[in-house]
Amino acid sequence: MCNRTGCQHPEKLKDKPAKCSPEQIRECHGDAKKHPCAEETKAS
């Protein structure tokens, strides 16, 4: 469930997914070890 930016929560995105703070990642993805959105944009 990703949009063209690769972010699962574009409404909460303030910059690129790779620049999200740990708090922002926790808010969007719970206790994820890595940021899934940042991983997806690297793969693109």
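Modeller: Lysine 19 is exposed, with a relative accessible area of 58%. Before we go on, this is a predicted model, where local features need pLDDT of at least 70, side-chain atom pairs count only at pLDDT 80 or more, and totals for chains, interfaces and linings use all residues. Residues are numbered from 1 along each chain as its sequence is written, and side-chain values use heavy atoms, with hydrogens and water left out.

Biologist: Why is lysine 19 called exposed?

Modeller: Exposed means over 50% relative accessible area, buried means under 20%, and partly exposed is in between (1.4 Å probe, protein chains only). Lysine 19 has 58%, so the label is exposed.

Biologist: What makes lysine 19 and aspartate 15 a salt bridge?

Modeller: A salt bridge needs a side-chain nitrogen of Lys or Arg within 4 Å of a carboxyl oxygen of Asp or Glu. The closest N and O atoms of lysine 19 and aspartate 15 are 4.0 Å apart, so the pair counts. Aspartate 15 itself is partly exposed, because its relative accessible area is 42%.

Biologist: How many salt bridges does the structure hold?

Modeller: It holds 2. Glutamate 27 also forms one with lysine 12, where the closest N and O atoms are 3.8 Å apart. This pair links distant parts of the chain, 15 residues apart: glutamate 27 is in helix α1 and lysine 12 in the segment before α1. Helices here are DSSP runs (H or I, at least four residues), numbered from the N terminus.

Biologist: Are glutamate 27 and lysine 12 buried, exposed or partly exposed?

Modeller: Glutamate 27 is exposed because its value is 57%. Lysine 12 has 31%, so it counts as partly exposed.

Biologist: Why is glutamine 24 called buried?

Modeller: Its relative accessible area is 13%, so it falls on the buried side of the cut-off. Glutamine 24 lies in helix α1, residues 22-29.

Biologist: What does the side chain of glutamine 24 reach?

Modeller: It reaches the backbone oxygen of lysine 12 at 2.9 Å. A polar contact is a pair of N or O atoms within 3.5 Å; within protein, one must be able to donate a hydrogen and the other to accept it, and residues adjacent in sequence count only if both atoms are side-chain atoms. Leaving aside neighbours within four places in sequence, glutamine 24 is in contact (heavy atoms within 4.5 Å) with Lys12, Leu13 and Lys14.

Definitions and conventions
Helices (H or I, at least four residues) and strands (E, at least two) are DSSP runs, numbered from the N terminus.
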